[in-house]
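Please view the sequence and the model together while reading.

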Amino acid sequence: MTYLTGKKIALRAIEPEDLDDLYRWENDSSLWIYGCTIAPFSRYLMKRYIENYSADIARDGQLRLMIVERETKKSIGIFDCFDYDAVNRRAAVGLLIDPSHTRQGFGRDALETFMEYAFQFLHLHQLYVHIATCNTASMALFLACGFRECGHLTDWIQLPQGYTDALVFQKINPDEKG
């Protein structure tokens, strides 16, 4: 079985050539409400991050993968797996698709591709995500991929206009019996 290759995308390790894309996405303040970024990153810090990134989820507790359009080989987003818990075999996930490539099925393909890798290769028991209640597109994506709402966090995310709630969604490995 080939992991990390979807219908329209492939997930791959971060390369030095990704600096410009990562720098642009991490510093686009309009995207900060969807993650935890509160200030811009310098090119220097982004370059150092790429140079020192190990892609060892067991060591770092995180795995970041570039989302690449298979047809053009162009980077169109990034997939994050973080807060890895080896004992309970779970991790949080998040993804960003470049605004010029949204609503074209790339996010769903990336999420489905990563879920297969996480459950069949990494042997994770579950994946979870926190989503701001105003982010209806992300909620629809995760629900379409079989995640279930399992919690409500009040005033969880601070936005420029004030606090908003977040919903917690999780997906249990369908190949495991409880």
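Is D83 buried, partly exposed or exposed? With a relative accessibility of 48%, D83 counts as partly exposed, given that buried means under 20% relative accessible area, exposed over 50%, and partly exposed in between, computed with a 1.4 Å probe on protein chains only.

The model is predicted: local features need pLDDT of at least 70, side-chain atom pairs count only at pLDDT 80 or more, and totals for chains, interfaces and linings use all residues. Residues are numbered from 1 along each chain as its sequence is written, and side-chain values use heavy atoms, with hydrogens and water left out.

**Backbone angles**

Most residues other than glycine have a negative phi. D83 has a positive phi near 55° and lies in strand β3, residues 75–85. R89, which is not a glycine either, has a positive phi of about 55°. R89 belongs to the loop between β3 and β4 (90–97) and is partly exposed, at 32% relative accessibility. Strands here are DSSP runs of E with at least two residues, and helices are runs of H or I with at least four residues, both numbered from the N terminus.

**Helix packing**

Two packed helices are described by the angle between their axes and the distance between the axes. Axes are lines fitted to C-alpha atoms, for helices over the stretch in contact, and angles run from 0 to 180 degrees between N-to-C directions. The table gives these values for two pairs of helices.

| Helices | Angle between axes | Distance between axes |
|---|---|---|
| α1 (residues 19–26) and α2 (residues 43–52) | about 125° | 10 Å |
| α4 (residues 106–121) and α5 (residues 136–144) | roughly 45° | within 10 Å |

Angles under 35 degrees count as roughly parallel, over 145 as roughly antiparallel, 65 to 115 as roughly perpendicular and the rest as oblique. Helices α1 and α2 are therefore oblique to each other, and α4 and α5 are likewise oblique to each other.

The crossing of α1 and α2 is right-handed, a term for a near helix turned clockwise from the far one by less than a right angle, with anticlockwise giving left-handed. In this pair, L19, D20, L22, Y23 and E26 of α1 meet R43, M46, K47 and I50 of α2. By class, this contact has 5 nonpolar, no polar and 4 charged residues. Nonpolar covers Ala, Val, Leu, Ile, Met, Phe, Trp, Tyr, Cys and Pro; charged covers Asp, Glu, Lys and Arg; the others, Gly among them, are polar.

Helix α4 also passes α5 in a right-handed crossing. Here G107, R108 and L111 of α4 meet L141, F142 and A144 of α5. The contact of α4 with α5 has 4 nonpolar, 1 polar and 1 charged residues.

**Cysteines**

The structure holds 0 disulfides, a disulfide being a pair of cysteine sulfur atoms within 2.5 Å. The sulfur of C145 has its closest cysteine sulfur in C81, 15 Å away, which is too far for a bond. C81 is buried, at 0% relative accessibility, and C145 is buried at 6%.

**Residue K7**

K7 lies in the segment before β1 (9–12) and is exposed, with a relative accessible area of 70%. Leaving aside neighbours within four places in sequence, K7 is in contact (heavy atoms within 4.5 Å) with R70, D109 and E112. K7 and V129 are 122 residues apart along the chain, and their C-alpha atoms are separated by 23 Å.
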